[in-house]
Amino acid sequence: MTRKVNIDPQPSSPFLTDFDLHLLAEGTHYRSFDKLGAHLQSDGETLGTRFAVLAPNARAVSVVGDFNAWNPNTHPMRRRTEPGVWEAFVPGAKVGALYKYAVTGSDRGYRVLKADPYAFASELRPGTASKVFELTGYTWGDSEWMVARRTWHAHKSPMSIYEVHLGSWQRVPEDGDRWLTYRELAPKLAAYAKDMGFTHVELLPVTEHPLDASWGYQTTGYFAPTSRFGTPHDFMYFVDVLHQHGIGVLMDWAPAHFPRDEHGLANFDGTALYEHADPRQGEHRDWGTKIFNFGRWEVRNFLISNALFWTDKYHIDGLRVDAVASMLYLDYSRQQDDWVANRYGGRENLDAVDFVRRCNELLYAEQEGVITVAEESTSWPMVSRPVYLGGLGFGFKWDMGWMNDTLRYLSRDPLFRKFHQNELTFRQLYAFTENFVLPLSHDEVVHGKSSLLGKMPGDDWQKFANLRLLFGYMYTQPGKKLLFMGGELAQWSEWKHDGSLDWHLLEHAPHRGVQTWLRDLNHFYKEQAALYELDGEPKGFEWVDCDNANESLLIYLRRGKTAPLPLVVACNFTPVPRRDVCVGVPAGGNWHECLNSDAEIYGGSNLGNAGMVVAERQPAFGRPFSLRLTLPPLAMIVLQPEHAAG
């Protein structure tokens, strides 16, 4: 028979103070993770764990776990008046203990076991229990990075982001094709990202999730790094090692929706505590998930605390916020009669807008150097502008228009590209309305869309040339860069979450050539202020010739704030070499061909300008000097002036 433990109804030093309860009730307890959840503590001379959970509409809550044989009668929780926090101290419950909350709703028929919304660790799937874990105890070694982060200016710095799914970057085939752990991944990924010249790694969600195939976007453990790859301390080690190699760590964050799994947030205390009760507001039709009710104080406490948690406890350098458009619009992907208008009769989710703004304000105020990035696919204005100017407060926004237009253009037969030049030039009409990231993400290489290489037309040589051209064009356009893993290997197949990247392709010269090209692009990009300093300002970009649609040529200048003279970028989107192409430039003298995607080392035909061209005093395109260039087939070149000539 299990002995019942008596809990002092009036402990001498309550874990949750009256002020904590006040902040929770008004939705402004932004470090609620320090008070809710499971925390090791002593009650007098007894060591154990204090549990606290928010369930305002429950009739009763108890802690069950492997420490009490999962008996709901052993450790009942005490309700701390309003706002409905339940609390209990369990002597002897220690790190590693599995637990859940047994919740009885106001409807006596509602009895369910719930995982802890604030749990720091979770059981490995298919188990769904939470796990007691103490985050203190890890010794960080990234102090130099963290100090430098406080003064880092993202908008004026190079950002080349390598998007990674930890479960499929590399695996261990000789050990049952298992995942690498956080500690195994850390040195391998850090060394690779540094060698390839990336500045950041962005992780598909590492928060706990029950289904591998969701890639982490259907989160059940918002405060727990997934147990698939190790412990919370192991994940700290992972971030630490990348920082020590000079690589920033961003993570995907999914506050737009959550799964309806019984152990999760849905119907948590027998009512719609975290979601809307009305399915027209609370259910995401496309994904079969629940939608957070951003107007509830419980949700504001939970999500804003969660954003701050990762940047504080795990030193995460930024959050890429998933599916922002689905948060902003009440009628997102809904039929006409399947949504509820806001109080003014509009389609904007005013509560979500308020939440996003407040979350961004707090992150930027409390975590210097941290950035937020919106995956926002509509024309909502001022997504990446400050809240005090009327914006949403994100630091950056994914340029989905650039991605769609560019991939559509490059997937066309070059014979017909001349009829679609506007797909490349249209971007300059809006390129400086936001702080953009140019994404070639995981979403573009799954679900029958083909790999990047597979999208390219022509024979094999042309496919590889087109892919190199795509990367070169991307790296010389205004905006930060993001590439999903495998793109640099020129994978033939789509990404698969349950297997490794096709690293064996590097045995073949064309694939090695693309990887070498991407590496050289990254390092050149970081060295050239003209390619990043003025990403968000019109004076950083200037067309030389965007009208030569008949030959499918694009020629433009990139300028930097500290770079006295511009770079010239010339792209040839046809398989026909173009010779004696006139390009107007602002300075005479020698112009060095510093990048050429058609170089033999990258798998090209080695056509170009012998490394240098002399600018003549012959005006062209409104500029006092001109170059006569040879443009290789399906290639781009970059030229840099040696000095200004009179």
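Glu87 and Arg78 are both buried, where buried means under 20% relative accessible area, exposed over 50%, and partly exposed in between (1.4 Å probe, protein chains only). The two residues form a salt bridge, with the closest N and O atoms 3.4 Å apart; a salt bridge is a side-chain nitrogen of Lys or Arg within 4 Å of a carboxyl oxygen of Asp or Glu. This is a predicted model, in which local features need pLDDT of at least 70 and side-chain atom pairs count only at pLDDT 80 or more, while totals for chains, interfaces and linings use all residues. Residues are numbered from 1 along each chain as its sequence is written, and side-chain values use heavy atoms, with hydrogens and water left out.

The structure holds 42 salt bridges. One of them links Glu283 to Lys290, with the closest N and O atoms 3.4 Å apart, and Lys290 is buried at a relative accessible area of 13%. Another salt bridge pairs Glu537 with Lys539, the closest N and O atoms being 3.7 Å apart. Glu537 is partly exposed, with a relative accessible area of 33%, whereas Lys539 is exposed, with 55%.

Helix α12 spans residues 460–475 and has 16 residues; helices (H or I, at least four residues) are DSSP runs, numbered from the N terminus. From its first C-alpha to its last, α12 reaches 23 Å, close to the 22 Å expected at 1.5 Å a residue, the expected span being 1.5 Å times one less than the number of residues. Of the 16 residues of α12, 13 are buried, so the helix is largely enclosed by the rest of the structure.

Definitions and conventions: Helix = DSSP H or I, 4+ residues; strand = E, 2+ residues; numbered from the N terminus.
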